[in-house]
Amino acid sequence: MDQFLTEARADAVTVVEPPARDGVPGASRRGFLAAAGSALVLSVALPGRSARAQAQGPAEGAGAIAPKPGTRVAAFLEIHPDGTVKLLSPFVEGGQGIATGMAQIVGEELDVPPARFVVDCAPPGPDYAVVNGLRMTGGSFSTRSSYAVMRRLGATARDMLIRAAAARLKVRESELTTRDGTVIHAATNRSLPYGDLAADALLLKPNEAVELRDPSTFRYIRQPVPRLDVHDKATGRAVYAIDQKLDGMLYAAVQHAPHLGTEPEALTNEAEIRAMPGVHSVHRLPGAVAVAADSWWRARKAVEALGVRWSAPKPSGLDTVAADFSSDGIVAALKASTDPGLPAEAVGDTAGAFAKAAKVIEADYEAPYLAHAQLEPPSALARFSEDGTLDLWLPNQMPELFQAIAAQVAGLQPAQVRIHSPMLGGFFGRHFAYGPGNPFPQAIRLAQATRRPVKVLWSREEEFRSDALRPLSYSRFRAALDAQGRPSAIEVRTVGEGPIGRYFGALFKNPVDSSAVEGIVEKPYAIPNRRMTFTKLAHPVTIAFWRSVGHSMNDAFYESFLDEIAQAGGQDPFALRQALLKDSPRHLALLAAVAEMSGGWRRGPYAAEGGMRARGLAMASPFGSETATIAEVSVEGGEARVHTLWIAFDPGSVVNPAIVRAQVESAAALGLSSVLFEQIVYRDGVRQAQNFDTYPILRREHMPAVHVRIVESGAPMGGVGEPGLPGVPPAVLNAIAALTGQRIRALPIANTKLSAA
Amino acid sequence: MVSLTINGRQHAIDAEPDTPLLFVLRDTLGLTGTKYGCGIGQCGACTVLLDSQATRSCQIPIESVGTQSVATIEAVEQDAVGRKVVAAWVALQVPQCGYCQSGQVMAATALLQQTPHPTEADIADAMTNLCRCGTYNAIAAAVRQAAA
Ligand code: FES
Ligand code: FES
């Protein structure tokens, strides 16, 4: 997914519509939206700016030139008389701490303590396209892509406040300083709070060149500043999409088609259902039926009692799952493919190295479909106003894209759709636009049909049935070893599909899907001959981004296989990695750090606390950051028990070390959960898991001690939210191999009975 | 009509007697701090106190509440133990997405009301709610801090 950033930079630098001002011809935001909207062809103009932002706009009307994202203070900041600052953030908060991070970055330059900020997710608008000309919360891009822009924004606002104060006090700007939200004229002992100056300041033209604070004087950036939302979250006051309520609102529950792509043909007991208490109406929707009622519980009971005759499942295609589709079947299809695929990485003479090899090893790796299982079930609230415009409250990671799709569904222009993006009860990639994987089109249709505001909430069971899934994955690995047992060549054949290709393929054009091969290509190891290929084989199911995307399985495969190479060559896995990284100081430093944290590398098995344990090591390079991870594992009752994770994490540099640590631990927990337990299994075209009883996730008793060390190498800032994940599965798998001799190549671990060590 | 005592106030509820307490709290009374996560007693996001016992409100039909008093997260800081728990949650910066945390705080409050100085085993037995963001270690640390 990291390629997204670089490619987006090259291809979609502009959100201006019509024709790009300074972008690559033909590569417009429209192309991006069309690509991103998948099945939807969007011929829509970009939404207008918010009224407040327009007040500061240089030019308005149809021919207006869109602002350079992240530059117009009025689009981002409201400074109130009581000294609080409201920041409209380009990003949605979902636990990753981005609201606090933004307050730190802007507050640092604005000279306002982050604790005085209130941060909301901004409405759609070109001002917020700060991720290299796009806007999204994902790909661990938020901080690194916007850090410079948001600092400059804070500094620009501070400069405007100083100029307003200079005019008010009739002094030169150079005589003024600021402190904690106040402009100070020391010579005359006068001061003016920002709140008194804000109205004047916003009328000024921003200075193009403002001076930024010297990082050595930072007071908030790089500090473990407390998060802004913690008290609200500890007292139930945080408000999520599921909590929204409007006067006159109906609650709706749905029942989705058992097979994706089938439709409700007939309702067998509609009259009976209409007569149930509180029921307002019964509806057929694309791929679903719905009941609207005066409470969600009544709607749910009614929709679950509704008898539906569904159309016969079609053969498997895109968004149609056949009656005989199964996980086993698609694994077999991926393995059976003979399509040679496209080169994803090609270095040296692989064929030559294999011809000369002293030893060749080969292994197949596979990983299942995964659900996001974020704890907040998805919902959406739609309300049409009398003027025909639409308000939507919905979980989303890309407001402009959801606005465009919602407009399409509602038959409106995007500017007629107001998107509200509440805090997310977890996301992990869940809240991109996934066609039948999002409830908001249902809410729009039901609000149109009932002429009332409607909140659609998916039950947990409907969420497991309709969540978009981390793709099931398969790769075949081969390695050539020389006479000294060193790897001279590696070859990997990946067959399948990733979400970048599915949802953004038209934008990125590259036929090799980066989200299918990341974690297999561009590894840092000095193996002289490498040949990786990608063969596209589309899944019929709705696939998704899932925390760390392709890295979530590919690093597990690659790092496991690297341990297989070490074993075949009679080498220690730590020593082998050191040797293969001898020219990369950044990686050697991380290896040394993780070894030191864990009391020195030892693989084991060794006796500890009355049993046998062993350790596994893995490295990963996800999202511009670097990790080295060691897991300590034992086996109890045939199951893996992970006692401790040590993670050395180098994101280049950090904004908030406490948030970084918490995110790395959180990602590690999700990685551990996935490798131990998680799988969505299809049988007879139907997902087997329905709720947390049949889709076990990590519980407290499985949570290991997690030790995180941040190593700031000073390399360009990398991502934080996802990179803690990919090292954990292979570290655990390698520890199990060290302990039991069992090399697990098909995930999750729970599918294999482990032998006692 | 079913009569319920919630956070010290009496409410007459017009709903089917088998309606889970959770949805009466959230949708009828607007007490949305209590969360719906699974509806089958697995996740604990819906935890409230029923006569001081941590209880998964998605599993409690309102007809079975009877005279037991219901305390929800909205009232947690009205209780001395609840205040300590919230303070520890803030001091240790426990929440990530926060969605599970109402339930976690209520479970911790019930534990410490009954067992002011819990052992590790007590904590493990009482704190069984799911957290998809993996805040389990921070939760345990906060329970220990609140008990100290
Ligand atoms: S919603 Fe009650 S336990 Fe999950
Ligand atoms: S904090 Fe997100 S589920 Fe627990």
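Domain bounds here come from an automatic or database domain assignment. With those bounds, chain A of this predicted model splits into domain 1 (2–217), domain 2 (241–311 + 378–457) and domain 3 (330–369 + 470–751). Take domains 2 and 3 of chain A: their C-alpha centres sit 38 Å apart, and the contact between them draws on eleven residues from domain 2 and 14 residues from domain 3.

**Two interfaces**

| Interface | Buried area | Carbon and sulfur share | Salt bridges | Residue pairs in polar contact (both at pLDDT 80 or more) |
|---|---|---|---|---|
| Chain B and chain A | about 4300 Å² | 54% | six salt bridges | 27 residue pairs |
| Domain 2 and domain 3 of chain A | about 830 Å² | 68% | zero salt bridges | three residue pairs |

**Inside chain A**

On the domain 2 side, three residues stand out: His259(A), Phe428(A) and Tyr434(A) lose the most area to domain 3 of chain A, and together they make up 58% of what that side buries. As for residue classes, the side of domain 2 that touches domain 3 of chain A has eight nonpolar residues, two polar and one charged.

**Where chain B meets chain A**

Now for the contact between the chains, with 60 residues coming from chain A and 47 residues from chain B. Which side chains meet in a salt bridge at 2.6 Å, N to O? That would be Arg298(A) and Glu16(B). On chain B, five helices each supply at least two residues of the side that touches chain A: H1 (21–28), H2 (80–91), H3 (101–114), H4 (120–126) and H5 (136–147). Sorted by class, that side of chain B comes to 25 nonpolar, 13 polar and nine charged residues.

**A look at Thr72(B)**

Let's finish within chain B. Thr72(B) is found in the loop between strand E5 (69–71) and H2 of chain B. Is Thr72(B) buried or exposed? Thr72(B) counts as buried because its relative accessibility is 0%, and the cut-off for buried is under 20%. Who is around it? Setting aside neighbours within four places in sequence, Thr72(B) is in contact with Ile6(B), Asn7(B), Leu25(B), Leu31(B), Thr34(B), Val48(B) and Met106(B).

Note on methods. Residues numbered from 1 in each chain as written. Chains lettered and ligands numbered in written order. Predicted model: local features only at pLDDT ≥ 70, side-chain atom pairs only at ≥ 80, totals over all residues. Heavy atoms only, no water. Contact = heavy atoms within 4.5 Å. Buried area = accessible area lost by both parts, 1.4 Å probe. Salt bridge = Lys/Arg side-chain N within 4 Å of Asp/Glu carboxyl O. Polar contact = N/O pair within 3.5 Å; in protein donor to acceptor, adjacent residues only side chain to side chain. Helix = DSSP H or I, 4+ residues; strand = E, 2+ residues; numbered from the N terminus. Nonpolar A, V, L, I, M, F, W, Y, C, P; charged D, E, K, R; others polar. Buried < 20%, exposed > 50% of the residue type's maximum accessible area, 1.4 Å probe, protein only.
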